[in-house]
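Visitor: Could you take me through this model, one topic at a time?

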Amino acid sequence: MAVAMAMNSVSLNWVPPSFTKKANYVTHSTELAPPSAFSSQNSLTYTKETISNEEISDNCKRRLLLLGVGAITANLLPANSLLAEEIPQNYRAFVDIPDGYSYYYPSDWREFDFRGHDSAFKDRFLQLQNVRVRFIPTDKQDIHELGPIEEVVYNLVNHVYAAPNQIVNILDMQERTSDGKNYYTFEYELTSPNYASASFATIAIGNGRYYTLVVGALERRWRRLRNKLKVVADSFKVLDI
């Protein structure tokens, strides 16, 4: 049904062979799970954010639009949308019109099933090098309603993303506004006894939803990949639905 909705909304010049129907994910958490919710005066209940090899399956259960440069005409959505922009070289655009978001991902990554998330892509060989997006309902209208960026980022990284045995290091945080919508993007490291990871996260509120994109890799590869993955984090946009 989601595919039919998309086809009624846009006119495609090209659709890749892997165009598939959208399916729901099942919420699941595993060994890297941080606390199940964070709470502050502006709290939102949030399911644990995790990564595990067992979570990662190559059986793609959803794909709405997988778009390359020139995949669709620029007048399908408003001119200020992602689809009216030139997609950077070596990236593709993922656009989910019914769920109201879009982002770029490296063109050599492939889609996979990350349970509890609405979409996800990973490196072909290094499965912990990935991007994933999820959202939860909210009655808030803007990310600023959660509080100052410093407070929001601290609560998320320490009480949602980090497991009890992980050491947190928040490296950077930035705020941007695009098409009237506000976004928080932040960079952080999580160090466990056996390994360390680094990630960017971008959060935003729109359409009655609290969206989160996380893109990351093992810390030992971060210096080499940081700029590449920052493009992904900065590309996330909320689309009006």
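Guide: Two terms come first: strands pair if DSSP finds at least two bridges between them. Helices (H or I, at least four residues) and strands (E, at least two) are DSSP runs, numbered from the N terminus. The model is a predicted one, in which local features need pLDDT of at least 70, side-chain atom pairs count only at pLDDT 80 or more, and totals for chains, interfaces and linings use all residues. Residues are numbered from 1 along each chain as its sequence is written, and side-chain values use heavy atoms, with hydrogens and water left out.

Visitor: What is the mean pLDDT of the chain?

Guide: The mean pLDDT (the predictor's confidence in each residue, from 0 to 100) is 75, and 65% of the residues reach 70 or more. Over residues 1–80 the pLDDT is below 50. Beyond near neighbours in sequence, that stretch has 190 contacts in the model, a contact meaning heavy atoms within 4.5 Å.

Visitor: And how many helices and strands does the chain have?

Guide: The secondary structure comes to three helices and 13 strands.

Visitor: What is the strand order in the open sheet?

Guide: The open sheet has seven strands in the order β5-β7-β8-β12-β11-β10-β9, with antiparallel pairing. Its edge strands are β5 (110–111) and β9 (167–178), each of which pairs on one side only.

Visitor: What holds paired strands together in general?

Guide: Strands of a sheet pair through backbone hydrogen bonds, either parallel or antiparallel.

Visitor: Let us start at the β5 end. How many bridges join β5 to β7?

Guide: Two bridges join β5 to β7 (residues 119–122), and the two strands run antiparallel. Arg110 has Lys122 in β7 as its bridge partner. On its other pairing, β7 is joined to β8 by four bridges, again antiparallel, and there Lys122 stands opposite Asn130.

Visitor: Which way do the β7 side chains point?

Guide: Ser119 and Phe121 point one way from β7, while Ala120 and Lys122 point the other way; all are buried. Buried here means under 20% relative accessible area, exposed over 50%, and partly exposed in between (1.4 Å probe, protein chains only).

Visitor: Moving along, which residue in β12 is the bridge partner of Asn130?

Guide: The partner of Asn130 in β12 is Gly216. Strand β8 (residues 130–137) pairs with β12 in the antiparallel sense over eight bridges.

Visitor: Is β12 mostly covered or uncovered?

Guide: Strand β12 (residues 209–218) is mostly covered, with ten of its ten residues buried. It also pairs with β11 (residues 196–206), antiparallel over ten bridges, and Thr202 stands opposite Leu213 of β12.

Visitor: What about the hairpin of β11 and β12: which residue takes a positive phi?

Guide: Asn207 does, with a phi near 60 degrees; the hairpin has two residues between the strands.

Visitor: Where do the helices lie on these strands?

Guide: Helix α2 (residues 149–161) lies across β9, β10 (181–191), β11 and β12, running at about 135 degrees to β9. Helix α3 (residues 222–235) lies across β8, β9, β10, β11 and β12, at about 165 degrees to β12. Axes are lines fitted to C-alpha atoms, for helices over the stretch in contact, and angles run from 0 to 180 degrees between N-to-C directions.

Visitor: New topic. How many salt bridges does the structure hold?

Guide: It holds four, a salt bridge being a side-chain nitrogen of Lys or Arg within 4 Å of a carboxyl oxygen of Asp or Glu. One of them joins Asp99 and Arg209 at 3.1 Å, N to O. This pair links distant parts of the chain, 110 residues apart: Asp99 is in the loop between β3 (91–96) and β4 (101–106), and Arg209 is in strand β12. Both residues are buried.

Visitor: Which residue meets Glu187 in a salt bridge?

Guide: Arg226 does, at 2.9 Å, N to O. Glu187 belongs to strand β10 and Arg226 to helix α3, 39 residues apart. Glu187 is buried, with a relative accessible area of 5%, whereas Arg226 counts as partly exposed at 26% relative accessibility.

Visitor: And how far apart in helix α3 are Asp234 and Lys230?

Guide: They are four residues apart, so about one helical turn separates them. Their salt bridge has its closest N and O atoms 2.7 Å apart. Asp234 counts as partly exposed at 31% relative accessibility, and Lys230 as buried at 13%.

Visitor: Finally, what share of the residues counts as buried?

Guide: Of the 241 residues of the chain, 55% count as buried.
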